Structure formats: C-alpha cells, structure tokens
Amino acid sequence: MTDLSREEAVARVEDLVARVDEEPMPVPVREIWVFGDAALGLDPVERLDIYLTKDILVGGDDSDTDPHELALGVDGIGETVRADWAAEHTEHVRTNANGYAAPEKCLAAHLVDDDEPVHLEVCNASFDDNVTQRLEGALATGDYEQILDPRGACLWVDGQRSDEAFRKLRDGDFVLPTLSGALEMLGADPDVAEEAADALRAYRERQEGATVRGDVV
C-alpha cells in the first residue's frame with residue numbers, strides 16, 4: 001500500500017476510533033492517540049502511528065464463554081484477552097512467543113489489515129507516562145529504537161471523542177517541535193537527542209506493512 005494522504009490518514013484513524021467505540025475488543029481500550037507524521041500534519045503520511053492504552057484483565061474477564069470450550073489450543077484466553085471476543089473472532093487470535101494470547105497482537109489483527117502502513121503501540125500506561133518511561137530506558141541502554149515519539153494528540157478517552165483534536169488533525173493545526181527538540185524538552189542532551197532522533201527515523205523507515213509493539217509499564 002502506498003503512502004496515505006493526510007485526509008486518508010485522518011479518515012483511517014476515525015474509522016479505527018469508531019470501531020473501538022462500538023465493537024467488543026480483545027481487551028478494554030481506554031485511550032487512543034495519534035503521534036508522529038499524522039500529528040505533525042504531514043501530507044502524505046508515510047506511516048500512521050497510533051497509540052492505544054489498554055486495561056489488563058486482572059483475575060480473568062466476565063465473559064459468558066468458557067475458554068476451555070473454544071479448543072483453540074491457545075493459553076490465556078479469558079486471562080489476557082476476553083473469551084467472548086476470542087469466540088467471535090477466532091481468526092484474529094494471536095499469540096506471543098510462549099504461545100500465550102497476546103493482547104497487542106490481537107488488537108492489531110482485529111483493527112488493521114496486514115498491508116496497511118499503520119503502526120500500533122499498545123500499553124497499559126497512558127501515552128505521556130509511557131513516553132517518559134521509554135525515553136528513560138532508551139537513554140540508560142542506548143537502544144534508541146525503543147523511544148516513543150512524544151509528539152502525539154489524544155483523540156478518544158473512555159468513550160469520549162475529541163472533535164476539536166480531529167479538526168486540528170485534519171487541518172494540520174497541531175504545533176509540535178522537531179523530534180530531537182521534543183526529546184530535549186524531555187531531558188535528553190542535545191547531541192543525544194539528535195542521535196536518538198536519527199536512530200528512530202531509520203528504524204521507522206525499515207518498517208513495512210502493519211506493525212505492532214506492546215509493552216507493560
């Protein structure tokens with residue numbers, strides 16, 4: 001799939017927000033943000049970066065479906081993802097390397113086609129908190145590819161859509177710094193911020209099709 005025009009990118013995010021708002025998800029979703037190129041108002045948008053804040057299913061979920069009756073051969077149904085959702089969307093069930101149902105991969109399979117230039121970040125922490133955590137970790141280890149681009153806009157929280165944020169997204173009205181400038185504002189030294197920004201851009205340029213990254217803070 002080729003790059004998305006800004007209009008197409010915003011429409012794609014609107015569709016994703018509507019689906020999260022209206023459809024059962026593998027795990028509860030609390031926040032949806034857009035960050036990177038789309039938030040900057042670029043046209044076209046090479047990759048559409050979306051951040052989802054999810055809840056963790058503590059002590060299982062309240063599904064009516066008995067996970068053992070699904071016979072999917074996947075551990076974690078009813079523990080890490082909702083059993084009712086898995087029963088309805090068996091084709092979207094995805095696992096991690098240990099064979100356990102992976103919430104971030106299930107969300108991506110449900111919401112994004114494989115060939116779309118869309119990247120999902122999925123975490124239990126809010127966008128702002130995870131930006132800080134990931135930057136601190138990257139500065140400590142030098143693994144700058146783990147940085148989360150802090151230039152984001154919140155579009156939806158607990159069922160409430162921000163029409164104003166969508167208007168600004170559509171019009172390219174968000175005023176945001178350069179990536180290195182944003183990292184400096186969060187505490188990175190200027191030289192490190194430049195190096196980190198270059199590493200993150202190179203990492204993004206290597207990505208193709210739909211991608212997803214999940215973590216727990």
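I call a residue buried when its relative accessible area is under 20%, exposed when it is over 50%, and partly exposed in between (1.4 Å probe, protein chains only). Helices (H or I, at least four residues) and strands (E, at least two) are DSSP runs, numbered from the N terminus.

**Basis.** I worked with a predicted model, in which local features need pLDDT of at least 70 and side-chain atom pairs count only at pLDDT 80 or more, while totals for chains, interfaces and linings use all residues. Residues are numbered from 1 along each chain as its sequence is written, and side-chain values use heavy atoms, with hydrogens and water left out.

**Entry 1: helix 4.** I looked up helix 4 (103-111) and noted that eight of its nine residues are buried, so the helix is largely enclosed by the rest of the structure. Among these buried residues are P103, C106, A109 and H110.

**Entry 2: H92.** I found H92 in the loop between helix 3 and helix 4. Is H92 buried or exposed? H92 counts as buried because its relative accessible area is 18%. Leaving aside residues up to four places away in sequence, H92 touches W85, C106, A109 and H110; contact means heavy atoms within 4.5 Å.

Entry 3: I traced an open sheet of six strands in the order 5-4-1-2-3-6, with mixed pairing. Strand 5 (160-161) and strand 6 stand at the edges with a single partner strand each, so one side of each has no neighbour in the sheet. Two strands pair if DSSP finds at least two bridges between them. Strand 1 pairs with strand 4 (residues 152-157) in the antiparallel sense over five bridges, and F35 has G152 in strand 4 as its bridge partner.

**Entry 4: strand 3.** I noted that six of the six residues of strand 3 are buried, so this strand is largely enclosed by the rest of the structure. In a regular strand the side chains alternate between the two faces of the sheet. On one side of strand 3 lie V118, L120 and V122, and on the other H119, E121 and C123, all buried. Strand 3 pairs in the parallel sense with strand 2 over six bridges, where L52 stands opposite V122. Strand 3 also pairs in the parallel sense with strand 6 over five bridges, and D215 in strand 6 is the bridge partner of C123.

**Entry 5: V58.** I located V58 in the loop between strand 2 (48-54) and helix 3 (83-88). V58 counts as exposed because its relative accessibility is 72%.
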